[in-house]
Amino acid sequence: MVNMKDKLETLAARYDEIQVRLSQPETLSDMDTWRRLMKEHADMEELMTAYGRYKTVLENVEQAKEMLEDPDLRDMAKEELSELEPEQEALERELQLLLLPKDPNDDRNVIVEIRAGTGGEEAALFASELARMYTHYADARGWKTEELDANLTELGGVKELSMMISGKGAYSRLKYESGAHRVQRVPETESGGRIHTSAATVAVMPEVDDVEVEINPNDLRIDTYRAGGAGGQHVNRTDSAVRIVHIPTGIVVQCQNERSQIQNREQAMRMLRSKLWDKALQERADEVSAFRKSQVGSGDRSERIRTYRFQEKIVVDHRLTGEHKSYPLGPVLDGDLDGILDALIARQQAEKLLQQSNT
């Protein structure tokens, strides 16, 4: 705990310094500096609040221990300590977690890309259920969803769908959804009652600003075409849909959900920036195996992360073990993902704490 206390004292001094600087005229006249300090202050606020509670508890523990020396106050002191010591331990655990390095992308909005995999129409129908699941989850958390592009089947299934989910902490939770999702059930078209296995893949990418990803206009091939068909929300008589190919990487993005070609181009560029950023993150993860392990499987596109078993009415997350491994199917498909995501976050935190203690 000595090292943790030293670190907390250093951070507390920095927090106080920021508070002073935020009120100084030279800071108020420099908006870039003011915004940077405000963000740093906001990022430290939860930690400093917990540290304030922790210091108060430590003071109360010391006072209670002094009271043990007085025979008249000993029983009262023991009772106080029996309440304070568990609180001290809980706060120490909370502070350890708050001190863990944070993913700099955690507060970003996300682009979620869902693709039907093996299984034909059944896979496309499952992909549409995943899209519905994420939409309901976003609604429950007060996040905004915006469909960017969709390629649908005649039966309402999803071949490919991209959506933007905007809200504080969206990436911090949804990043764990990246990977292969498998479904086991009897399709409505199956007369023999046989269980089929189908799959869909989900990619979750942080939204990035144009200043963070440099894109050479000469590296782009931009095509326009007429929106419509099974994937469009409307049939358009003008070439409003936009497809952009990033020639060096071969990445293709398209958007046809807006009525204006300019709007569709802006949306497509947002998707391209996020895909290029995500590609860079993936390459970095490939180079550093420890980083990949710390992601609890969240970054590997080919990894089967979850199976939705309709016959048993459960969802099994293959990254979890024991009592946290399976969840009721119906609530999960209705967007109740917090149980799974909380367990994955707790596992990642435990692994990081273990790595920290071994260094």
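Strands are DSSP runs of at least two residues, numbered from the N terminus. In the predicted model described here, strand 7 covers residues 241–246 and contains A241. The relative accessible area of A241 is 0%, so this residue is buried. R259 lies 18 residues from A241 in sequence, and the C-alpha atoms of the two are 8.2 Å apart.

The chain as a whole contains 10 helices and 11 strands. It has 359 residues, of which 43% are buried. The exposed surface comes to about 19500 Å². Carbon and sulfur atoms supply 49% of that area. Among contacts with a separation of 6 or more, 62% join residues 24 or more positions apart.

Nonpolar side chains tend to be buried together in soluble globular proteins. The largest nonpolar core in this model has 58 residues. V112, L130, Y134, I165, L272 and Y308 touch the most other members. Helix 5 gives this core its largest share, 8 residues. A separate core holds 22 residues, including M44, L47, M48 and L98. The surroundings of I165 were listed without residues up to four places away in sequence. On that basis, I165 touches N109, V110, V112, Y134, A138, W143, K144, T145, A170 and L174.

Helix 5 spans residues 120–140. Buried positions in helix 5 are E122, A123, A124, F126, A127, L130, A131, M133, Y134, Y137 and A138. After helix 5 comes G142, with a positive phi near 80°.

Helix 4 runs over residues 74–98. The buried residues of helix 4 are A77, L81, L84, Q88, L91, E92, L95 and L98. An α-helix has 3.6 residues a turn, so residues three or four places apart point the same way. Q88 belongs to helix 4. Its relative accessible area is 18%, and the cut-off for burial is under 20%, so Q88 counts as buried. Beyond its neighbours within four places in sequence, Q88 contacts Y54, V57, L58 and V61.

Aromatic pairs were examined next. A pair of aromatic rings is described by the distance of the centres and the angle of the planes. The structure holds 2 such pairs. In one of them, the ring centres of F126 and Y308 are 5.2 Å apart and the planes meet at 65°, so the pair is edge-to-face. F126 lies in helix 5 and Y308 in strand 9 (residues 304–309), so the pair ties together parts that are 182 residues apart in sequence. F126 and Y308 are both buried. Y137 and W143 also form an edge-to-face pair, with 5.8 Å between centres and 85° between planes. Both Y137 and W143 are buried.

Charged side chains also sit over aromatic rings. The charged end of R108 is placed over the ring of W277, 5.0 Å from its centre. R243 lies over the face of Y225, and the distance to the ring centre is 4.5 Å.

S172 is part of helix 6, which covers residues 170–174. With a relative accessible area of 19%, S172 is buried. The burial cut-off is under 20%. Apart from neighbours within four places in sequence, S172 is in contact with D106 and I345. E214, by comparison, occupies the loop between strand 5 (196–206) and strand 6 (220–225). Its relative accessibility is 81%, so E214 counts as exposed. The C-alpha atoms of E214 and L276 are 9.5 Å apart, although 62 residues separate the two in sequence.

Note on methods
Residues are numbered from 1 along each chain as its sequence is written. This is a predicted model: local features need pLDDT of at least 70, side-chain atom pairs count only at pLDDT 80 or more; totals for chains, interfaces and linings use all residues. Side-chain values use heavy atoms; hydrogens and water are left out. Rings of Phe, Tyr and Trp (its six-membered ring) pair if their centres lie within 6.5 Å; planes under 30 degrees apart count as stacked, over 60 as edge-to-face and the rest as tilted. Helices (H or I, at least four residues) and strands (E, at least two) are DSSP runs, numbered from the N terminus. Buried means under 20% relative accessible area, exposed over 50%, partly exposed in between (1.4 Å probe, protein chains only). A charge sits over a ring if NZ of Lys or CZ of Arg is within 6 Å of the ring centre and within 35 degrees of the ring normal. The expected span of a helix is 1.5 Å times one less than its number of residues. Contact means heavy atoms within 4.5 Å. Accessible areas come from the Shrake-Rupley method with a 1.4 Å probe; for residues, only the protein chains shown count as cover. A nonpolar core is a set of buried Ala, Val, Leu, Ile, Met, Phe, Trp, Tyr and Cys residues joined through side-chain atoms within 4.5 Å.
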